[in-house]
Each structure stands twice: as structure tokens, then as C-alpha cells.
Amino acid sequence: MAGRLDGKIAIVTGAGCVGPGWGNGRATCVRFAEEGAKIFAVDLRAETMEETLDRVRAVGGEIEPYLCDVTDRAAVEVMVSACVERFGGVDLLVNNVGGSAKGGPTTLDEESWDRQLDFNLKSVYLTCRSVLPHMEAAGGGAIVNTSSTSGTRYTGAAQVAYASAKAAIIQFSKVTAVEFAPKGIRVNTVVPGQLHTPMVETRLAGQRMGGDVDALLQSRIKRIPLGWMGDGRDTANAALFLCSDEARFVTATEIVVDGGMSARCD
Ligand SMILES: NC(=O)c1ccc[n+]([C@@H]2O[C@H](COP(=O)([O-])OP(=O)(O)OC[C@H]3O[C@@H](n4cnc5c(N)ncnc54)[C@H](O)[C@@H]3O)[C@@H](O)[C@H]2O)c1
């Protein structure tokens with residue numbers, strides 16, 4: 001049976017994960033490979049990608065790991081050229097690198113603010129800047145950027161730089177989408193809500209609940225109308241739709257993947 005991304009070449013940034021299981025980038029690599037895409041998997045740390053490589057190869061997919069800091073402009077340019085050299089082009093880009101740091105406007109220091117903006121927002125600008133000329137030359141492509149419901153509403157923790165960067169990603173995507181629509185390039189955003197990804201066990205439970213994973217999960221589930229938490233596979237499926245030809249008339253918009261949480265008023 002034909003895959004929904006047969007013959008497509010996809011760069012996925014943050015293709016590893018902070019722990020074992022379904023992070024957003026890892027799930028995107030696997031889901032895209034299952035649908036026939038060749039994956040150029042980008043991460044800062046080789047060890048985080050081992051499980052991603054195993055899982056993609058287990059479904060018969062083709063994947064090339066590549067180490068790159070996506071906040072470094074020169075490194076990003078070299079990375080995109082390496083993908084073009086390896087696979088012959090780049091049809092799809094999923095910008096997944098990002099993560100939150102705690103702190104409000106008076107408690108977050110300036111260096112942390114700058115780091116958060118570079119990590120979450122500049123990384124998206126840099127990869128788009130390098131990939132768009134290749135897509136334009138090829139006559140089309142699709143980009144999916146990863147925001148967060150923290151970028152659209154207050155989600156229960158002061159993380160002002162993260163929230164600002166994730167909000168900006170939505171508008172960055174819209175502007176880029178309109179500008180590049182005449183070139184056949186679509187740009188959309190996925191807005192994940194509070195997911196049960198490995199980050200919950202490795203970082204969030206310690207930061208917010210003294211290491212009590214169950215307490216953190218329960219406090220989050222209470223806010224989700226569906227009554228359970230999705231994981232990276234749900235984000236990946238939204239990105240898959242947006243990158244596939246099924247979404248040929250969909251650009252400059254968002255898919256919210258949050259089990260209904262954003263629709264609640266509390
Ligand atoms: N996990 C959630 O519940 C959730 C919710 C909303 C939004 N998001 C967003 O989804 C994205 C992925 O989150 P996750 O928790 O699945 O990922 P994760 O933190 O598990 O993995 C991210 C990967 O990015 C890599 N990375 C970090 N800095 C990098 C850099 N400068 N260059 C290249 N690679 C780098 C890390 O090594 C890691 O393997 C983020 O943008 C995050 O903000 C996550």
C-alpha cells in the first residue's frame with residue numbers, strides 16, 4: 001500500500017528524546033518513516049537518537065542521524081546542505097526542538113530569557129531560513145513548527161520566555177506561509193497540550209511535584225476534557241497530516257493537540 005509520504009525527504013529536529021518512549025520528535029521520525037519518508041534526524045546529542053534509529057529501522061524506514069545545534073546559524077546551513085547531499089533534497093521540515101524554563105518577567109534572568117528565545121524561536125527561524133531556498137528551487141515543500149498551548153494561554157506555571165517564544169512561532173509560521181504560498185510551500189503549526197512524554201518523568205515531576213510523577217499526571221489529567229493524556233504519537237499524527245498531500249489546501253494555520261484542554265475556561 002502506498003505511504004502518505006512516499007518518496008519525501010524529511011528533516012526532523014530534536015529527533016531524540018530526553019528519555020525512553022514517545023517524545024514528539026522521535027514519534028514524528030517513526031510515523032513519517034512508516035508512511036514512506038526518508039528521515040534526516042537532527043539532534044544535539046547522539047545518545048538521545050539511539051532509540052529513534054532503532055524504532056525507525058524496526059518499521060523498515062531509512063534514517064540518517066546528524067548532530068547539529070539548531071541555534072547556530074552556520075551549523076544549521078551545513079546541516080541542511082548535508083541533508084541535500086545525502087538524500088538529494090528536502091521536502092519536509094519539522095521543527096521540534098524546544099523546551100521550557102521556569103520564570104516570570106521579574107524572576108527570569110536575562111541570559112535565561114535569551115537562551116529560551118534562541119532555543120525555542122530562533123532555531124525555527126534558522127532552519128526555515130536555510131531550508132526555504134531548497135524548497136523554492138524544487139517547486140514546493142511543507143514545514144511544520146511546534147508550538148505549545150503555553151503559547152496560547154496560561155497553563156499553570158510561570159514560564160514567560162517559553163510562552164512568548166511559542167506564541168511567536170504561530171505568527172512566524174503564518175507570515176512565512178503567506179510569503180511562500182506562491183512558491184508551493186505550506187507552513188503550519190502543531191500546538192501540543194500537556195502530553196505524557198518522557199519529559200514528565202525526567203524533568204517536570206521533579207521541578208513541579210517533588211518527583212511525584214503520579215501527582216503531576218493527575219493534576220494535568222484533571223484539566224483535560226478527554227480525561228487522559230496523549231503522547232508524542234498524537235503530535236506526530238497531526239504533523240503527518242499537515243505534511244501530507246491530504247493537507248494540500250491547508251496552510252498558515254494550527255492544529256491543537258490537547259484533548260480539549262484549551263476550550264475550558266479554568
Ligand atoms: N512534551 C510535552 O508535553 C510538550 C507539550 C507542548 C509542546 N512541546 C514541545 O514539543 C517539542 C518537543 O518536546 P519533547 O518533550 O517531545 O522533546 P524532548 O525534550 O524529549 O526532546 C527534544 C530533543 O531536542 C534535542 N535538542 C535540544 N536542544 C537542541 C539543539 N539546540 N539542537 C538540536 N537538538 C536539540 C534534545 O537533545 C532532545 O533529544 C518542544 O518544542 C516542546 O516545547 C512538548
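Visitor: Which backbone atom lies 2.9 Å from an oxygen atom of the ligand?

Guide: Start with polar atoms, N or O, that lie within 3.5 Å of each other; such a pair is read as a polar contact. In this predicted model, a backbone N or O atom of Val 18 is 2.9 Å from an oxygen atom of the ligand. Val 70 also uses its backbone: one of its N or O atoms lies 3.1 Å from a nitrogen atom of the ligand. Asp 69 uses its side chain instead, where an N or O atom is 2.9 Å from a ligand nitrogen atom.

Visitor: How much of the ligand's accessible area does the protein cover?

Guide: On its own, the ligand has 840 Å² of accessible area, and the protein covers 94% of that. As for its place, the ligand sits in the largest pocket.

Visitor: How many residues surround the ligand, and which are the closest?

Guide: The shell holds 28 residues, and the closest are Asn 24, Asp 43, Tyr 162, Lys 166 and Thr 197. A shell can also be sorted by residue class. Here eleven residues are nonpolar, 13 are polar and four are charged.

Visitor: Now away from the ligand. Is Asn 145 buried or exposed?

Guide: The general idea is a cut-off: a residue under 20% relative accessible area is called buried. Asn 145 has a relative accessible area of 0%, so Asn 145 is buried. Its place is in strand E5, which covers residues 141-146.

Visitor: Which side chains make polar contacts with the side chain of Asn 145?

Guide: One is the side chain of Asn 95, at 2.9 Å. Another is the side chain of Ser 173, also listed at 2.9 Å.

Visitor: Where does Thr 155 lie, and is Thr 155 buried or exposed?

Guide: Thr 155 belongs to the loop between E5 and helix H5, the latter spanning 160-180. Its relative accessible area is 10%, so Thr 155 is buried. The side chains of Thr 155 and Ser 150 are joined by a polar contact of 2.8 Å.

Visitor: What should I look for in residues that are apart along the chain?

Guide: Compare the separation in sequence with the distance between C-alpha atoms. Take Glu 201, found in helix H6, residues 199-209. Glu 201 and Gly 19 are 182 residues apart along the chain, and their C-alpha atoms are separated by 8.2 Å. With a relative accessible area of 42%, Glu 201 is partly exposed.

Visitor: How many residues apart are Arg 57 and Val 30 along the chain?

Guide: They are 27 residues apart, with 8.7 Å between the C-alpha atoms. Arg 57 is in helix H2, residues 50-58, and is partly exposed at 48% relative accessible area.

Visitor: What are the two separations for Gly 184 and Gly 141?

Guide: In sequence they are 43 residues apart; in space, C-alpha to C-alpha, they are 6.7 Å apart. Gly 184 lies in the loop between H5 and strand E6, 185-192. Its relative accessibility of 39% makes Gly 184 partly exposed.

Visitor: Why does Ala 252 count as partly exposed?

Guide: The partly exposed class starts where buried, under 20%, ends. Ala 252 has 21% relative accessibility and therefore counts as partly exposed.

Technical notes
Residues numbered from 1 in each chain as written. Predicted model: local features only at pLDDT ≥ 70, side-chain atom pairs only at ≥ 80, totals over all residues. Heavy atoms only, no water. Near = heavy atom within 4 Å. Polar contact = N/O pair within 3.5 Å; in protein donor to acceptor, adjacent residues only side chain to side chain. Areas by Shrake-Rupley, 256 points an atom, 1.4 Å probe, with all protein chains shown as cover. 1 Å grid on protein atoms, 1.4 Å probe; cavity = no way out; pocket = protein on both sides within 12 Å on 5 of 7 lines; lining within 4 Å. Sits in = over half its atoms within 2 Å of the grid points. Nonpolar A, V, L, I, M, F, W, Y, C, P; charged D, E, K, R; others polar. Helix = DSSP H or I, 4+ residues; strand = E, 2+ residues; numbered from the N terminus. Buried < 20%, exposed > 50% of the residue type's maximum accessible area, 1.4 Å probe, protein only.
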